[in-house]
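Hi,

Here is the structure I promised to pass on.

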Amino acid sequence: MIRDLLESDRNQTIELVNQFFRKVNELELDGLFRIRPRAATKFTDIYFKLIGTGKVYMRGYFVKEELVSLLIGRVEEKPHLEEERSLFIDLAVTKLGKKKKGYMSELLKDVDLWCFEKKIPAIELRAILKNEEAIQFWNKSSFEPFYIRYRKRVIGT
């Protein structure tokens, strides 16, 4: 069952966000991009504070009372573009041992409907190239590569 994440789901949400952050930190990146300890708690709490503003999508897929997958995103205002607004997915994760069961696909259908109802014409996200599992998932989804983001480490920092 898909539903809004509630304050009572905070610990399960932090656990799932933490799982994702640990995975990112295990990737061999540029040595500079590392997620800080306790970032999952801060990230989760910021989003919980924004619930009710209409500016965030924060829902999870639950099997009974267990949070098995979640999708968290924020509305970006783009007055310089004709689209005016988009939803930027900051995090999409499924619990280890629960993948390939269609939970994230159901959340993606739900976020499409949510955006349609709010007249948000586009959904965007970033995926780290070294996160091959994520790249494969997004390539199989209805999302299409749209732009490339480049990164360079500044020498001496």
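Below is what turned up, starting with the aromatic rings.

This is a predicted model, in which local features need pLDDT of at least 70 and side-chain atom pairs count only at pLDDT 80 or more, while totals for chains, interfaces and linings use all residues. Residues are numbered from 1 along each chain as its sequence is written, and side-chain values use heavy atoms, with hydrogens and water left out.

A search of the whole structure gives 8 aromatic pairs (rings of Phe, Tyr and Trp, its six-membered ring, with centres within 6.5 Å; planes under 30 degrees apart are stacked, over 60 edge-to-face, the rest tilted). Tyr57 and Trp114 make an edge-to-face pair, because their planes stand at 75°, with the ring centres 5.5 Å apart. That pair joins distant parts of the chain, 57 residues apart: Tyr57 in strand S2 and Trp114 in helix H3 (residues 103-117) (DSSP runs numbered from the N terminus: helices are H or I, at least four residues; strands are E, at least two). Both Tyr57 and Trp114 are buried (under 20% relative accessible area; exposed is over 50%, partly exposed in between; 1.4 Å probe, protein chains only).

Tyr61 and Tyr103 pair up too, this time tilted, at 4.6 Å centre to centre and 40° between the planes. Tyr61 is buried at 19% relative accessible area, and so is Tyr103 at 13%.

Now for Asp9: it lies in the loop between strand S1 (2-4) and helix H1 (10-26). Asp9 is buried, with a relative accessible area of 4%.

Cheers
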